[in-house]
Amino acid sequence: MALAPGSGSGTGPRTGPDALARLAEERVDHRFKGLPPDADGRTVGELAAERRNLFTGGFTTPVLALSAERLEHNLRLMETYAARHGLAFAPHGKTSMAPRLFRRQTDRGAWGITLAVPHQVRVAREFGVERVFLANELVDPAALRWVADRLAADPAFRFVCYVDSVRGAELMDAALRGAARPVDVVVELAAGEGARTGVRTEAECAAVADAVAAAPTLRLVGVAGYEGEVPEADPERVRAWLRRLVALAAEFDRAGRFAGAEEVVVSAGGSAWFDAVADVFAEIPELSLPVLKLLRSGAYVSHDDGHYRKLTPFNRVPEEGALEPAFRLWAQVVSRPSAEQAFLNAGKRDAAYDLDLPFAQVVRRDGTERPATGVSVTGLSDQHTWLRTTPEADLEVGDWVGLGLSHPCTSFDKWQLIPLAEADGTVVDYVRTYF
């Protein structure tokens, strides 16, 4: 049977109130790009209380802003989607590395937070996240000892990570000897030959499970993987791999490999195929233990104007809703050397560019905003955006240009403190990131 989202061992996720409160006490200074120079010395909370306007309140370009309304829409949509499909939700926190957003995600029903590396787990724990799914095999002895210490200190802390090799299980066991609690692991099934990480065959998965069973410091609680790595992914291939994952869980259960577990974790789900995950996870048969169907999509929180806008499953199932791109990078025209060319004062240090270049969307001049007709981005230097302009483009030095971005993960990580702005430009809060 399946547990309802948010169920499982331990208490619900809680974010440390003291640590979150301290975010508002941090002083604004030169470390934070785009913030008003005359705000230096104020705390983040004091600056937020002033409710300055992004366009008239002294903010300097380039400045990245996150839409308050669109962020709330996306959080609500994925909460509803997970509940509708009987999924627990552990959104991938490496997208934002923002404790305030972790809190809003868990407040919106998330089971916990998925992370990728030990540093990210340390950030989550500092801010009180009670359930962490580490979507990687963890073999670093220092990090494993840190995890063991945290598990011993807090009975409510739930930690689950991948194991994808016999050698990995042996290294984990060696580092964890003497630990008060076993570390919960899930065998990662690779998405196919030539895919990223994970065990390639079911026979090898059984060997890894045997190695876990032989390690007193580990407890096998499920299976997992990432369908986004399926070679030449299409709906048929993705669903076929997901059915392999489900069959592996059922086979392990029949073999009694989850002895000692309280539930069976079956986890998948990036941001491109979560509709397939929902469909196939609905087919999971009844097992000997409750099943935690854990979805891990993370890019939804801000969505984007490029890569994920094209790939989102909501394009295939529009009746389920639609995510909204919440980021906009504002830059200023600093050079207009010809009728065909202009340059903005934002570049690779400010904008994601690993999947797509930014998209020129709107132009602001004298408080008026209009579409960026005839303006396109052709390249980025470290601190400049190259624009091509056609005759219909009305663009002058000093204009602000609003850019849409592609790939949330590499948008968040270029900014330490991001204004959260309402549609009229009123900045109501600031999102602190820890990369």
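Me: Which loop does Asp366 lie in?
Reply: Asp366 is in the loop between β12 (359–365) and β13 (368–371). Helices and strands here are DSSP runs, H or I of at least four residues for helices and E of at least two for strands, numbered from the N terminus. One caution before we go on: this is a predicted model, where local features need pLDDT of at least 70, side-chain atom pairs count only at pLDDT 80 or more, and totals for chains, interfaces and linings use all residues. Residues are numbered from 1 along each chain as its sequence is written, and side-chain values use heavy atoms, with hydrogens and water left out.

Me: What's the phi of Asp366?
Reply: Positive, about 55 degrees, although Asp366 is not a glycine.

Me: Is Asp366 buried or exposed?
Reply: Asp366 counts as exposed, at 77% relative accessibility. The cut-offs are under 20% relative accessible area for buried, over 50% for exposed and partly exposed in between, with a 1.4 Å probe and protein chains only.

Me: And Met97, what's its phi?
Reply: Near 45 degrees, again a positive value in a residue other than glycine. Met97 sits in the loop between β2 and α4 (99–107). Met97 counts as buried, at 0% relative accessibility.

Me: Which residues does the cis peptide bond join?
Reply: Thr61 and Pro62, with omega at about -5 degrees. Pro62 is in the loop between α2 (44–50) and β1 (63–67).

Me: OK, the sheet. What's the strand order?
Reply: β2-β9-β8-β7-β6-β5-β4-β3, eight strands in an open sheet with parallel pairing. Two strands pair if DSSP finds at least two bridges between them.

Me: Which strands stand at the edges?
Reply: β2 (88–89) and β3 (113–115). Each has a single partner strand, so one side of each is left without a neighbour in the sheet.

Me: How covered is β7?
Reply: Mostly covered: seven of the seven residues in β7 (218–224) are buried.

Me: How many bridges join β6 to β7?
Reply: Six, and the two strands run parallel, with β6 spanning residues 183–188. Val185 stands opposite Leu220 in β7. Between these strands the chain goes through helix α8 (residues 202–213), and this β-α-β crossover is right-handed. Right-handed means that, with the strands pointing away from the viewer, the path from the first strand over the helix to the second runs clockwise.

Me: What about β7 and β8, how many bridges there?
Reply: Three, also in the parallel sense, and β8 covers residues 264–268. Val223 stands opposite Val266 in β8. Helix α9 (residues 235–254) carries the chain across from β7 to β8, in a right-handed β-α-β crossover.
Reply: β8 is also joined to β9 (residues 291–295), by five bridges in parallel. There, Ala268 has Leu295 as its bridge partner in β9.

Me: Back to α9. What span should it have?
Reply: The 20 residues of α9 should span 28 Å at 1.5 Å a residue, and the end C-alpha atoms are 28 Å apart, which agrees. The expected span is 1.5 Å times one less than the number of residues.

Me: What covers the buried residues of α9?
Reply: The cover includes β6, α8, β7, β8 and α10 (274–281), where contact means heavy atoms within 4.5 Å. Among the buried residues of α9 are Trp241, Leu245 and Phe252. After α9 comes Gly256, with a positive phi near 75 degrees.

Me: Switching to aromatics. How many pairs does the structure hold?
Reply: 13 aromatic pairs. Rings of Phe, Tyr and Trp (its six-membered ring) pair if their centres lie within 6.5 Å; planes under 30 degrees apart are stacked, over 60 edge-to-face and the rest tilted. Phe89 and Tyr300 make a tilted pair, with centres 5.3 Å apart and planes at 50 degrees. Phe89 in β2 and Tyr300 in the loop between β9 and α11 (307–311) are 211 residues apart. Both are buried.
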